[in-house]
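This report is meant to be read beside the sequence and the coordinates. Please have both open before going on.

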Amino acid sequence: MWCRVRDNGTGFFRCLGEQGHPGNGMRKLIGNLSVKWKMALATSLILLLAVAAMLWYFPRHQRQALESGMKTKVTAVAKMISWSLVTEMDAAAVSMDVKPIEEVIASAKQDQDLIAIRVEDANGSRLTGWNDEEINRLEPSAVDKPTQVFFGKDTLGVVESIAKDGKPIGLLRMDYSLASFHEEDRAAWRFGFLFALLIFAVGSLLAALVGYRIVRPLASMTSTIKRMAGGDLSQDPLPVAGHDEIGSLALAFNELLTQMRELTSKFNIMSTTMDERTSQILSTAKQQEAGAAQQAATVSEVTATMEELAATAQQIAKNAEAVTRSADDAANAVEDGRDSLVTFVQSMAGIESGNKTINDNIVQLNRHVQQIRGIIDLINDIADRSDLLALNAALEGTKAGQAGKGFLLVAAEMRRLAENVFSSTAEIKQLIAEVTEATNATVMATESGMKTTREGADRAGEAEKAFGRIIATNEETTRASKQISLATQQQHTGTEQIVLAMGEVAEVSQKWVEGIRDTTRSVGELSGIISQVKALVAKYRISRT
Amino acid sequence: MMVDEQIDDTSKTPGTEPNRLYFVFRDGHEAYAVPPTSVVEVITKTKATPVPFTPDWLDGVISVRGAIVPVLDLFRYFRLPSKISTRRNRMILVGVGPNAFAIWSDQIVGVETVEESRMEPPLSNLTDSLLKCLSGQFRTEGIMVYCIDLQKLLEETRGQVKAL
Amino acid sequence: MAGETVEKPRKSFLILFRVGEYRLAVEAFSIQYIAGVNWTPQVGAEEEDHDRIVEMAAVLRLPPQEGKRTIVIDTPSGQRGFVVDSISNEEIILRFIEPVPPLLEGWIKPTAITGFLVEQEAVIGVVDFHRVDQAYFGRMPSVRPKGEQAR
């Protein structure tokens, strides 16, 4: 049967036996005894056994010795007396004189242990005796056989045949007291007992001592270890007495204590350092996370703005293209207008030379004027659209900040050009009005009419110059709008690049944030472990404060 | 804007019968009076910049040393039946607590001491909005002067705008 | 992007424009772009154009004006264009915007003016078109086809 063992917190392992098993109570009892008592008990048992054996053997041996000694003595005396009595017996048989026999047995009476003696003749009748009423009635053995000795309770009975020439002539009976015998026996017993007791006592003491010598360091070690387990590492090391196993144990224990102290202090330092480090890392990670989050937010802001810019830039580029196309159309129209003007001048000249009728020329003239008006409207429209383009470009420029400064400059330039166009067209309108007036005044091919047509020709010349200016301005406008197209395209590419770069940055940022989150998580776990270790280590005091 | 006493009142005599001081100004056919302590200054301005999304009695805003001041047209606010003045050439800048605003005027009458006995009960033909802000009325130089409770006026304006 | 009420004077790029007698301004960053008078919004086929083009003259309760420019903003429900008379000088200026005094704020309804710009003797209100859009959405005075009589 095995015990179920459990440490109930006191450091002892208690045997929780099964219910109803006989002998478990005893086992429990024995189990709880201290080692020294166990040792003492074991030794005592052994000693007891030894003592018992001794007690059994020694007195017995002594008694046997005593017995045989007595037997020998008694036999010798009996034999001696019977020999002495041989001659006396004959005399006694003849003279009926027992006195010589009495003298013989008197010597036997010197032995104080003799309590009765009798001499009998061959028939068994009493010749003489002393104190022999109760004397033994042993059967004598044959002549050559040894003396009959019988150990009774209190007396020793002896019967010896008195033989002459091999023929029994009488019988000697003696009773010895066994009192002294018993006395000696008892003495032997007492002696043995005392000796045994002595051995027992000394043995037990020695055992206890040894046990104590073993147990004491163990007990102190136990209490020290208990205190250690409770957290007190500040105790003195155990005294090391001797190089035996106990000493080795004490040494080993002291080493352990030292090691534990070192370990604990290392732990403390380490955990404090790690605590600091982890909180540093955590705070840095938090900062970084915040920074990364901010950066991510900024990045998405920038990306959004960039995308907006890109979209609008595209729009502007389209508008710029449209303006360029219109400008080209205008250029063509202006060329046509110029041709018309040239024809007109020629017509005027024709009028002067009189090759054509004035009326025809006027009709033609009106047609030209209409054309010119149309062209001017177109140019105005272009100028208006350029104005709008310039304004929107400037608008985008304000939104784009630094990047849009170029826009602002170009926009300002375009606006200036547009203004030029407006003023030029205003001029032209004015000129046309005057021309119309002049030609309306021309009704007849008179000298005054000639003069007026000359005036008209002058005006036409001026109009031509104005047209030239318009064309030049138009070219500039075309160039400027092409520049804007280019700029917006460049900006578009640049924007695209920026958007891509932002995307990469956002990705990196995202990975970074994830990395920080992982780190934070790991650090959090580490922090948790460190807290546990700290709690464990906090139990142990190292210094005695 | 803090209320400064810019108009020095020399007709105040301590220890006399209870009478009130009024700063009196004209706006066309009407005349108004406000406590002199409310008047910050008199501004010579003829135009205010109109502000959209505002009631019709808010003529617009002006800039006074960098501060933006709304200009009230009391004539329009009180819905008075007479004709609006065409000679408006100045504004009375008033302060009521932390608020400041300007009132159109075409003539400053001056500061008057008005005894309790001069105060007349309000006439029945006055408009509702004027009655609500009237703290009294009196005559001077032949014209009826309406004493305006400026605090009440501001409270009423807020109510009006909410109802829009 | 919607405009933000001015809490203390701040610099901003502004575009000045006119609607009838009003001289107004709008912050450059709050609008998408400026178009001419024939602007068409980018909307789906189902939507009506006239819901998207708004006559500022009508909003401000003025008789119809000769609008030449459309200020286009981006709203959550799509583009919306506000027709104004003209863009002053066709340029963008950088100026300080002053906050609206609390007293005056209580008198502006809807609160579509977010600040004021003091330009010489004039005090020009800065309009937030997004707030105009929010205030009038659904009850928008729609554009009248050209040639119809005034209200």
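**Confidence**

The model is predicted. For the complex, the predictor gives an ipTM of 0.79 and a pTM of 0.47. Chain C has a mean pLDDT of 81, with 81% of its residues at 70 or more. Over residues 139-151 of chain C, the pLDDT falls below 50. That stretch still has 13 contacts in the model beyond near neighbours in sequence. Where pLDDT is low, the predicted coordinates should not be read in detail. Among the elements of chain C, confidence is highest in strand 2 (residues 22-27), at a mean of 94. The lowest value belongs to strand 7 (residues 86-97) of chain C, at a mean of 84.

**Chains B and C**

The table sets out the two chains.

Read from the N terminus, chain B has the order β-β-β-β-β-α-β-β-β-α-β-β-α. For chain C the order is β-β-β-β-α-β-β-β-α-β-β-α.

Helix 3 (residues 129-136) of chain C has three buried residues, F129(C), H130(C) and V132(C). They lie on the same side of helix 3 of chain C, because the arc they cover around the axis is only 160°. The elements that cover these buried residues include strand 2, helix 1 (56-59), strand 5 (69-75), strand 6 (78-84) and strand 9 (122-127) of chain C.

**Where chain C meets chain B**

Contact between the two chains involves 22 residues of chain C and 19 residues of chain B. On the chain C side, two or more residues come from each of strand 2, helix 2 (102-105), strand 8 (113-119) and strand 9 of chain C. Strand 9 of chain C gives the largest share, 4 residues. By type, this side of chain C consists of 16 nonpolar, 2 polar and 4 charged residues.

**Nonpolar cores**

The largest nonpolar core contains 93 residues. Those with the most contacts inside this core are V61(B), V94(B), A102(B), A25(C), V26(C) and F116(C). Helix 6 (residues 358-400) of chain A supplies the largest share of the core, 7 residues. A second, separate core has 25 residues, including V74(A), I81(A), L114(A) and I162(A).

Which residues does V61(B) touch, leaving out those up to four places away in sequence? Within chain B, its partners are A48(B), T49(B), V51(B), I68(B), V69(B), P70(B) and V71(B). From chain C, V61(B) touches L104(C), F116(C) and V123(C).

**E88 of chain A**

Helix 2 (residues 35-95) of chain A contains E88(A). Is E88(A) buried or exposed? E88(A) counts as buried because it has 22 C-beta neighbours inside 10 Å, and the cut-off for a buried residue is 20 or more. Apart from residues up to four places away in sequence, E88(A) touches P100(A), I101(A) and V104(A). K99(A) is 11 residues from E88(A) along the chain, and their C-alpha atoms are separated by 8.9 Å.

Terms used: Residues are numbered from 1 along each chain as its sequence is written. Chains are lettered from A and ligands numbered from 1 in the order in which they are written. This is a predicted model: local features need pLDDT of at least 70, side-chain atom pairs count only at pLDDT 80 or more; totals for chains, interfaces and linings use all residues. pLDDT is the predictor's confidence in each residue, from 0 to 100. Two residues are in contact if their C-beta atoms, placed from the backbone, lie within 7 Å. A residue is buried if 20 or more other C-beta atoms lie within 10 Å of its own, exposed if 12 or fewer, and partly exposed in between; C-beta atoms are placed from the backbone. The arc is that of the directions from the helix axis to the C-beta atoms. Ala, Val, Leu, Ile, Met, Phe, Trp, Tyr, Cys and Pro count as nonpolar, Asp, Glu, Lys and Arg as charged, and the others, Gly among them, as polar. A nonpolar core is a set of buried Ala, Val, Leu, Ile, Met, Phe, Trp, Tyr and Cys residues joined through C-beta atoms within 7 Å.
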